[in-house]
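Look over the sequence and structure, then read the points below.

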Amino acid sequence: MARVAFIGLGHMGGGMAPNLAKAGHEVRAFDLNADALSRAVERGCTAADDATTVCQDADVVITMLPAGKHVEDVFHKSVFTSAAKGTLLIDCSTIDVATARKLSDEAAFAGLTMVDAPVSGGIAAAEGGTLTFMVGGSDDGFERARPLLEAMGKAVIHAGGPGSGQAAKICNNMLLGATMAATCETFVLAQKLGLDAQTFFDISSKASGQSWSMTSYCPVPGVGPETPADRGYEGGFAAALMLKDLKLAHEAAEAVGAFTPMGAEAEELYGRFVDQGGGTKDFSALIKLIDDSWTK
Ligand code: NAD
């Protein structure tokens, strides 16, 4: 069993760290938020005073922080200064590919091994230990990370070298944002053309227009399997996080000269929706931006 330092106990990390403790690992945890830290202690972790001491004597350091700037800050100020040579670093946050690659190089220079391991699945999957991890890094780093990630997830996939986990995550989420936007506008058009939403779902979910956004996560209340649309668009994957991922995809596309017009359109729509106050709603609530009468 490993000695794990876990930094970042928010919506996601707050579920993940206790699952590692439940699996028998010795989990020392830290978060700037004292309430988040107390909740982790109640659920089997030990509290550390700060991000530097938590890394001392750890075999593995896991970070689950909001964005690239937070990960970079914690790595530079704490992890690189206190983790012993040979320590494995697993960053599960969703961050930009360039920062993930830069930190991996810096870690190697400091005698540490880093993998990027962003997740698919939301707060419920973090709690239930059913996340999907997309891992970027060396074969050795992946094999060392795998048993820990398996204690927190249902699937652990090696995407390629450093940064490839982040690349897979943002490509997947750009596709998801674009298909959700297309699904929302299609339901609005179908309704205006006089089609019943359930009837259109029955047809399209079995025809060539189907996608996960249509079949498994339908944005229309009362249609298809139960989704956040049936709960007033509460819970699920926040529109603000979708916007964050679409911005990361945009930055990455610019960096490599890829033309991503559908991703750009989805980013513009989610930007407008978040500006109008929709950021905490599930991302399928974008249908309200397309036609606000829809869910009244
Ligand atoms: P969150 O804001 O709820 O949690 C982040 C935590 O990090 C907070 O508790 C904060 O206090 C802590 N923190 C920030 N800076 C710190 C520092 N310097 N030292 C110690 N702690 C610090 O975010 P979240 O929803 O848990 O998301 C975490 C990551 O997972 C993000 O990158 C997000 O994009 C990604 N993600 C989230 C979801 C989701 O549904 N919430 C799904 C998939 C991926």
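**Domains, ligand shell and a helix pair**

UniProt, in an unreviewed entry, places the feature "domain: 3-hydroxyisobutyrate dehydrogenase-like NAD-binding" at residues 163-290. UniProt positions follow the numbering used here, feature names are shortened, and annotations may be inferred rather than shown by experiment. The model is predicted: local features need pLDDT of at least 70, side-chain atom pairs count only at pLDDT 80 or more, and totals for chains, interfaces and linings use all residues. Residues are numbered from 1 along each chain as its sequence is written.

**Annotated spans**

- Residues 163-290 are 63% helix and 0% strand. Their end C-alpha atoms lie 35 Å apart.
- Helices (H or I, at least four residues) and strands (E, at least two) are DSSP runs, numbered from the N terminus.
- The unreviewed UniProt entry also places "domain: 6-phosphogluconate dehydrogenase NADP-binding" at residues 3-160.
- Residues 3-160 are 41% helix and 25% strand, with end C-alpha atoms 26 Å apart.

- The protein chain divides into domain 1 (3-160) and domain 2 (167-290). These bounds come from an automatic or database domain assignment.
- The domain centres, taken over C-alpha atoms, are separated by 29 Å.
- Nine residues from domain 1 and 11 residues from domain 2 make the contact. Contact requires C-beta atoms, placed from the backbone, within 7 Å.
- On the domain 1 side, five residues are nonpolar, three polar and one charged. Ala, Val, Leu, Ile, Met, Phe, Trp, Tyr, Cys and Pro count as nonpolar, Asp, Glu, Lys and Arg as charged, and the others, Gly among them, as polar.

**Ligand shell**

- The ligand is surrounded by 27 residues (C-beta atom, placed from the backbone, within 6 Å). The closest are Gly-10, His-11, Met-12, Thr-94 and Gly-122.
- Helix H3 (68-82) and helix H10 (239-256) are the elements that give two or more residues to this shell. H3 gives the largest share, three residues.
- By class, the shell has 15 nonpolar, nine polar and three charged residues.
- Domain 1 and domain 2 both give residues to the shell, so the ligand lies between them.

**H7 against H10**

- The axes of helix H7 (residues 164-192) and H10 come within 9 Å and cross at roughly 120°. Axes are lines fitted to C-alpha atoms, for helices over the stretch in contact, and angles run from 0 to 180 degrees between N-to-C directions.
- This contact has eight nonpolar, two polar and one charged residues.

How values were computed:
Contact = placed C-beta atoms within 7 Å.
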